[in-house]
Amino acid sequence: MSNKLYPLLQTINDPADLRRLPRTQLHALADELRAYVLSSVSKTGGHLSSNLGTVELTVALHYVFNTPNDRVVWDVGHQTYPHKILTGRRERMDSLRLLGGLSGFPQRFESEYDAFGTAHSSTSISAALGMALAAKIKGEERHAIAVIGDGALTAGMAFEALNNAGVADCNLLVILNDNDMSISPPVGALNRYLAKLMSGQFYAAAKNAGKTVLKGAPPLFELAKRIEETAKGMVVPATLFEKFGFNYIGPIDGHDLDSLIPTLENIKHLKGPQFLHVVTKKGQGYKLAEADPVAYHGPGKFDPAIGLQKPTTPAKTTFTQVFGQWLCDMAAHDPRLVGITPAMREGSGMVEFEKRFPARYFDVGIAEQHAVTFAAGLACEGLKPVVAIYSTFLQRAYDQLIHDVAIQNLPVVFALDRAGLVGADGATHAGAYDIPFLRCIPNVSVACPADENECRQLLSTAFEQDHPVAVRYPRGAGAGVPVQAGLEALPFGKGEIKRAGKGVAILAFGTLLYPALEVADKLNATVVNMRWAKPLDTELLLKVAAEHEGLVTLEEGAIMGGAGSAVSEALHAAGVVKPLLQLGLQDEFIEHGDPIKLLALQGLDTAGIQAAVVKRFAALLESGRPALKVVA
Ligand SMILES: Cc1ncc(C[n+]2csc(CCOP(=O)(O)OP(=O)(O)O)c2C)c(N)n1
């Protein structure tokens, strides 16, 4: 870090250093911090707009509260880069989201300042409430603070926590970081309500009244009382949050340290659940991000002087794009199709669908549980819902999947993006568990396309069924095969032999088919594209088992309970005893890093698969059974 560019920031090695600064220097510090966030993210890629928006709030929180003894829980945690920089991790920002480097989210084992691990949204109020009540039970003096965005506040879980916290006898502070954005523009009635709270005269009056009160310097408790009364008086009728039992304060300007710091200092002395409404701007201070916070939500590397550029070489088609195109084509073909996203329009490839079919597009907010039950309701009435959802976020809606969709056997298609390792976002976002957690549910089928074209075909196959079907596909691009324009389906539940070899058969589920084929060329093994984790193509499996000495299953998902387990169960059920090697993700959480490296570390690249097959089936060679020919 350059001492010239960051003279103040380079002196802050932890928040205690920050707290030693005079108030007058905090503006300059915030400016340096913002510049450092921009410079770091431009070199590593990562979340940008949200972090530029939380610079002053982060400075103010660490200045006013005694962290880490006071607990700050950041919702989602994608906005914690300023927090990481001020809490001893400044010099490691160049390792952000890289293998062995800093996580892009808070992690308890990364720093004592990361009070709670997050990445999935809307958990902060529950966790901070737990901490506040634990402090009370243990007789410890500390503050617990949840910082939650207006997007994250749309989730049911946040409201469950508000409902509980509003009547809890403890000192909890919830800070709503309201930037009027989720990843894309926010949706729903809550958003309208917040907009109303901040609109017109009310906001202006509140801001001015707040400033008047804050500029005086009466004794703290007197001031606190006045803020409380003023805040209450300003809000007629009582805000939603007051009705929940909170003391509502705000809205205040979240980029104005002269409002933030005195307000937080005074809230510190108020008893009971407090709710501070802070207004910020996503991308604050970097014009390009302010103008397009969606594009700068999670950019790759870029030159801050120029901004994001279109890639010079055409990017490979991603599975997400294949899905987006299929969705539009199928919607044009079948008027019953409706598309649902829980706040992931861009990530799930639904921008075009929304444009072309606005009446059949539903962004339900960060509300995965609701998304699934809402789809069930639509399906009950004869529509054909397609829920586009990341594998990891479907975890949120497990009961809805079983209770509302599967038991009623409703024809809902789940387009499961980010199935498998996701790379830089790490363990919280890895789609490692969907095969195990889906295949044990009656009525639910699970398709695992091997490439882009098969993804389109299996989406069509899923759409034809009269029961729930999940189609799981990974992040990014696949083998790069051309995608046919038609909407033809593949046979339901059927796999296909891709290469006939001898001795060992590799049964591939999903995109690992391609490395399997490379390995098989070297070992002269058979390769089967199984395509469906459920129903399993048992007929094909038993035929292949009868013709080979050893079997290998391959999947980019948890081994435990996964597609390999399904094969094992089917063999046992048929009374077939065969040596079986199950390759997939080990029983451990896989951290962030380059997905290609991560896959290699799991032994799921070509070299790893080959080594595992040779190692496991060496015994076959030694025992004089038909030899496994290693071609080299
Ligand atoms: C359960 C869950 N669903 C979806 C996401 C993906 N996601 C990450 S950030 C984000 C938007 C959050 O908006 P907000 O809370 O307003 O924070 P901001 O980025 O605007 O500061 C979403 C939808 C997630 N992290 N967790």
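Reader: Let me start with a pair of side chains: are Phe319 and Tyr473 buried or exposed?

Author: Phe319 and Tyr473 are both buried. The word has a cut-off: buried stands for under 20% relative accessible area, exposed for over 50%, and partly exposed for what lies in between, using a 1.4 Å probe and protein chains only. Before we go on, please keep in mind that this is a predicted model, in which local features need pLDDT of at least 70 and side-chain atom pairs count only at pLDDT 80 or more, whereas totals for chains, interfaces and linings use all residues. Residues are numbered from 1 along each chain as its sequence is written, and side-chain values use heavy atoms, leaving out hydrogens and water.

Reader: Thanks! How do I read an aromatic pair, and how many aromatic pairs does a search of the whole structure find?

Author: Two numbers describe such a pair: the distance of the ring centres and the angle of the planes. Rings of Phe, Tyr and Trp (its six-membered ring) pair if their centres lie within 6.5 Å; planes under 30 degrees apart are called stacked, over 60 edge-to-face, and the rest tilted. Searching the whole structure gives 20 aromatic pairs. In the pair of Phe319 and Tyr473, the centres are 6.2 Å apart and the planes meet at 20 degrees, so this pair is stacked. Phe319 belongs to helix H14 (residues 319-333) and Tyr473 to the loop between S11 and S12, so the pair ties together parts that are 154 residues apart in sequence. As for the labels, helices (H or I, at least four residues) and strands (E, at least two) are DSSP runs, numbered from the N terminus.

Reader: And why are the rings of Phe323 and Trp326 classed as tilted?

Author: Their centres are 6.2 Å apart and their planes stand at 35 degrees, so that pair is tilted. Phe323 and Trp326 are both in helix H14, three residues apart, about one turn of the helix. Phe323 counts as buried at 0% relative accessibility, and Trp326 is likewise buried at 0%. Elsewhere, ring pairs link a cluster made of Tyr193, Phe241, Phe246, Tyr248 and Phe275.

Reader: Now the sheet. How should I read its strand order?

Author: The general idea is that strands of a sheet pair through backbone hydrogen bonds, either parallel or antiparallel. Here two strands pair if DSSP finds at least two bridges between them. The case in this structure is an open sheet of five strands in the order S1-S2-S3-S5-S4, with parallel pairing. Strand S1 (71-74) and strand S4 (247-253) are the edge strands, each pairing on one side only. On average, neighbouring strands of this sheet are turned by 20 degrees against each other, direction ignored.

Reader: How many bridges join strand S3 to strand S5, and which residue stands opposite Asp178?

Author: Six bridges join S3 (residues 172-178) to S5 (residues 274-279), and the two run parallel. Opposite Asp178 you will find Val279 in S5.

Reader: Which helix lies across S1, S2 and S3?

Author: That is helix H6 (residues 124-138), which runs at about 175 degrees to strand S2 (144-149). Such angles run from 0 to 180 degrees between N-to-C directions, with axes fitted to C-alpha atoms, for helices over the stretch in contact; contact means heavy atoms within 4.5 Å.

Reader: On to charges. What counts as a salt bridge, and how many are there?

Author: The rule asks for a side-chain nitrogen of Lys or Arg within 4 Å of a carboxyl oxygen of Asp or Glu. The count comes to 26 salt bridges. One of them joins Arg531 to Glu454, with the closest N and O atoms 3.0 Å apart. This pair links distant parts of the chain, 77 residues apart: Arg531 is in the loop between strand S14 (526-529) and strand S15 (532-534), and Glu454 is in helix H20 (residues 452-464). Arg531 and Glu454 are both buried.

Reader: Are Asp537 and Lys494 buried or partly exposed?

Author: Asp537 is buried at 4% relative accessible area, whereas Lys494 is partly exposed at 33%. Asp537 and Lys494 form a salt bridge, their closest N and O atoms being 3.6 Å apart.

Reader: Last one: how many disulfides does the structure hold?

Author: A disulfide is a covalent bond between the sulfur atoms of two cysteines; the cut-off used is a pair of cysteine sulfur atoms within 2.5 Å. The structure holds zero disulfides. Cys440 is in none, as the nearest cysteine sulfur, in Cys448, is 14 Å away. Cys440 is exposed at 51% relative accessibility, whereas Cys448 is buried at 1%. For Cys448, the closest cysteine sulfur is that of Cys455, 11 Å away and too far for a bond.
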